[in-house]
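Please take a look at the protein chain shown below. A short report on its fold follows the display.

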Amino acid sequence: QVAPAAAPAAAMPAAALPLTLGETAVRPGWAVTRQAARIYGSGGKAIMARVAKANPGVDFNRVRAGETIVFPAIPTDVLPEGTCLIRVASADTLDKGFAIIGRQRESDPVLSLYCTQQPGLGLRFDVVLAHLFASRAEAEAALVGMPRELAARAVVVDGFPAGTVPFTDLALWNGLRTLPKTAAPAAVKQVAATEPAAQPLP
């Protein structure tokens, strides 16, 4: 399937943007930097510094399973002209988006969230292949190699409604820009411990 082209996104007034994309509980074995990369396209030092600032009560030297991580809203550029995404699902919360990715772990393709704020819809979390395709033809060719279950509901997306603000930059994930992708500060322990947090979640 192919989604119709949309008008180029225009900037949304800063006052209308959310402060956070949401929160999600850390699961055993999580690499927090990798989860950040699935949200922003990068889990590098600059991104992790913003995440740490949004979570003053979290000790990132020892992130425990069950702790809640808040992910701040960090606007980025709209899709470069001519590029496309392949969307396989959508969610209205960050946690639901990660749940969809978790259910697809056995199907092998690397999935990411493509997070946006859309006029009239608010925050949306598209589950996409973690790849920015250079053209519609390239994206359509990639559909052929996808697992049948995902390909059956996959849609090529080459634009979003006017006024949409993206928070994910898949060009970082692809290595198309010379910025860090998944590196983390040396002091940060990235993987959640298996024991539950001392304090229960609210």
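## Basis of the model

This is a predicted model, in which local features need pLDDT of at least 70, side-chain atom pairs count only at pLDDT 80 or more, and totals for chains, interfaces and linings use all residues. Residues are numbered from 1 along each chain as its sequence is written, and side-chain values use heavy atoms, with hydrogens and water left out.

## The chain as a whole

The protein chain has six helices and nine strands. Helices (H or I, at least four residues) and strands (E, at least two) are DSSP runs, numbered from the N terminus. Of the 202 residues in the chain, 45% are buried. Buried means under 20% relative accessible area, exposed over 50%, and partly exposed in between, with a 1.4 Å probe and protein chains only.

Contact means heavy atoms within 4.5 Å. Among contacts between residues at least 6 apart in sequence, 78% join residues at least 24 apart.

## The five-stranded sheet

Five strands form an open sheet in the order β7-β4-β6-β5-β8, with antiparallel pairing. Strands β7 and β8 stand at the edges, each with a single partner strand, so one side of each has no neighbour in the sheet. Two strands pair if DSSP finds at least two bridges between them.

Strand β4 covers residues 85-91. Five of its seven residues are buried, so β4 is largely enclosed by the rest of the structure. Three bridges join β4 to β7 in the antiparallel sense. I86 stands opposite V156 in β7, and the bridge partner of R87 in β7 is V155. On β6, four antiparallel bridges pair that strand with β4, and R87 stands opposite V128 there.

How many residues of β5 are buried? Eight of the eight are, so β5 is largely enclosed by the rest of the structure. In a regular strand the side chains alternate between the two faces of the sheet. Here L111, L113, C115 and Q117 point one way, while S112, Y114, T116 and Q118 point the other way.

Strand β5 pairs with β6 (residues 122-129) over eight antiparallel bridges. S112 stands opposite V128 in β6. The two strands form a hairpin with three residues between them, and G120 in the turn has a positive phi of about 85°. Strand β5 also pairs with β8, again antiparallel, over two bridges. The bridge partner of T116 in β8 is P166.

## Two aromatic pairs

The structure holds two aromatic pairs. Rings of Phe, Tyr and Trp (its six-membered ring) pair if their centres lie within 6.5 Å; planes under 30 degrees apart count as stacked, over 60 as edge-to-face and the rest as tilted. The ring centres of Y40 and F71 are 6.4 Å apart and their planes are at 55°, so this pair is tilted. Distant parts of the chain are linked here: Y40 lies in helix α1 (residues 32-40) and F71 in strand β3 (residues 68-72), 31 residues apart. Both Y40 and F71 are buried.

Y114 and F160 form a stacked pair, with 5.4 Å from centre to centre and 20° between the planes. This pair also links distant parts of the chain, 46 residues apart: Y114 is in β5 (residues 111-118), and F160 is in the loop between β7 (155-157) and β8 (165-166). Y114 counts as buried because its relative accessibility is 1%. F160 is buried too, with a relative accessible area of 10%.

## A buried loop residue

Q104 is found in the loop between α3 (94-103) and β5. Is Q104 buried or exposed? Its relative accessibility is 9%, so Q104 counts as buried. Leaving aside neighbours within four places in sequence, Q104 is in contact with L111, E149, L150 and R153.

## The cavity

On a 1 Å grid over the protein atoms alone, a cavity is a set of points where a 1.4 Å probe fits but cannot get out. Grid points are joined across faces, edges and corners, and a volume is the space filled by probe spheres set on the points. The count comes to one cavity of 30 Å³ or more. About 60 Å³ of space lies in the largest cavity.

Eleven residues line the largest cavity, and D77, V78, L79, P80 and D169 lie nearest its centre. Lining residues have an atom within 4 Å of a point. By class, the lining has seven nonpolar, one polar and three charged residues. Ala, Val, Leu, Ile, Met, Phe, Trp, Tyr, Cys and Pro count as nonpolar, Asp, Glu, Lys and Arg as charged, and the others, Gly among them, as polar.

Note on methods: 1 Å grid on protein atoms, 1.4 Å probe; cavity = no way out; pocket = protein on both sides within 12 Å on 5 of 7 lines; lining within 4 Å.
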